[in-house]
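Please look over the sequence and the three-dimensional model shown here.

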Amino acid sequence: MSISICNLNLSLQYLLLMITLLLLKVDSRTHPGDIRVLKDLKHGLHPESIAPGSCLSSWDFSVDPCDHIFSDRFTCGFRCDWVASGFFRVTEITLDSVGYSGSLSSTTWNLPYLQTLDVADNSFYGSIPDSLSNLTRLRRLSLSMNLLSGEMPVSLVSLAHLEELYLDSNSLHGPIPSSFNSLVSLKRLEIQENNLSGEFPDLGALKDLNYLDASDNQISGEVPSTLPVSLVELSMRNNKLRGKLPVYVGDLEFLQVLDLSHNNLSGPILSVLFDHPSLQQLTLSHNNFTFLQVPGSVGLTSKLIAFDSSYNDLRGILPGFLCSMPKLSALSLENNKFTGMIPTRYALKVAVPGSKSSSLERLLLGGNYLFGPIPAALVGLKPGSANVSLVDNCLYRCPDTFFFCQGGDQKSLVDCKKRFQPVMPWIRTPN
């Protein structure tokens, strides 16, 4: 009996000990190092940029952060998860977009369990700190739409698990580090709207990269000769790219969107783009392309939905194969040097599409040297039925009573005769 009482006392003592230990843990649920980073982040901001009601305005370090997350003390801005060390660790920091202003270098970013860091659409300034390389478990880094400057830090290549990197809409300059080819887990890279320069590096090793946007920079050289075959969307719009399109673009078998507009590219628009197995949107406007190669399928196998090659130097008659593309619904060939009459097939694809073919909802042919009468199929179109423009051509008659003739006059007879008199002998210069 005495032995049983003794065992009971020991059990009670053990239970009290466990309760005491649990209470001690509750007093400090967040790892001290993580608390220090959260404090440094808040204290590094200009106080006036912490608006009332914002996430950071609720960060009150008189209590434990992870123990009071989503309470009236820590309403939002981060996430905690329990780990084997016996502490809660900060695994996500996602700040609201209220205009926080300060430097990201106010802390050394020692958060070994952080998986997401998102401070987008604020007013953080200064360089991107090298200490972000401490975030070895990071999967998503978004610094978009801030005031960050300096070069893209090479130290980011140590983030081996990084899947999404957003550095767009800042003031970063200098080259794109070639060592970014080591970020083998990367699926999405957005670096548009900066001042990045130099030639685009080889990123062919990024076998999981689906989305790449490097638009609105100062990137020079030719279109990269090695790009990840996994790409679904590629945009390098508004840079200083030159030379011809590489044939290997046809090998990017998953590519759906390609935008290389507003560059200095020249030569032919390759036939592989019209025979591509998945390409749906092709934007090559504002370049110096001179002609379109006819695809072997004559357009019948094309997946293109939208094609824009306006503001180039394309010549000759309007390519007939474009009307054979079964899914094409938006076509812009504005401001080139096309001549000849408007093919009836173009008009029919707008007004009377086939049962197995999409209609042209947008057909922009203005700013060329097209001549002759307006196809009869277009004459019966009503305003709002389609977006069609034939302005600034050499058409025989294009009165404003037709909506597709509104918004600009036809070229003068003098201009038309000067360029195309050998094929347009009927033009007479007024006396």
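## The left-handed link of Cys 55 and Cys 76

The torsion about the S-S bond of Cys 55 and Cys 76 is about -115 degrees, so this disulfide is left-handed; the term disulfide is used here for a pair of cysteine sulfur atoms within 2.5 Å. The S to S distance between Cys 55 and Cys 76 is 1.9 Å. The pair links distant parts of the chain, 21 residues apart, with Cys 55 and Cys 76 each in the loop between helix 2 (32–43) and strand 1 (78–82); helices (H or I, at least four residues) and strands (E, at least two) are DSSP runs, numbered from the N terminus.

Cys 55 counts as buried at 4% relative accessibility, whereas Cys 76, with a relative accessible area of 24%, is partly exposed. Buried means under 20% relative accessible area, exposed over 50%, and partly exposed in between (1.4 Å probe, protein chains only).

## Basis of the values

This is a predicted model, in which local features need pLDDT of at least 70 and side-chain atom pairs count only at pLDDT 80 or more, while totals for chains, interfaces and linings use all residues. Residues are numbered from 1 along each chain as its sequence is written, and side-chain values use heavy atoms, with hydrogens and water left out.

## Other cysteines

The structure holds 4 disulfides, and when the bonded cysteines of the chain are numbered in sequence order, the pairing reads 1-3, 2-4, 5-8, 6-7. One of them joins Cys 66 to Cys 80 with an S to S distance of 2.0 Å. Cys 66 lies in the loop between helix 2 and strand 1 and Cys 80 in strand 1, so this pair ties together parts that are 14 residues apart in sequence. The torsion here is about -75 degrees, so the link of Cys 66 and Cys 80 is left-handed, and both cysteines are buried.

Another disulfide joins Cys 394 to Cys 416 (S to S 2.0 Å), and this link is left-handed, with -95 degrees about the S-S bond. By contrast, the sulfur of Cys 323 is too far for a bond, because the closest cysteine sulfur, in Cys 398, is 18 Å away; Cys 323 counts as buried at 11% relative accessibility.

## Asp 118

Asp 118 is found in strand 4 (residues 116–118) and is buried, with a relative accessible area of 12%. Its side chain makes a polar contact with the side chain of Arg 140 at 2.8 Å, where a polar contact is a pair of N or O atoms within 3.5 Å; within protein, one must be able to donate a hydrogen and the other to accept it, and residues adjacent in sequence count only if both atoms are side-chain atoms.

Not counting residues up to four places away in sequence, Asp 118 touches Ile 93, Thr 94, Leu 95, Arg 140 and Ser 142, contact meaning heavy atoms within 4.5 Å.
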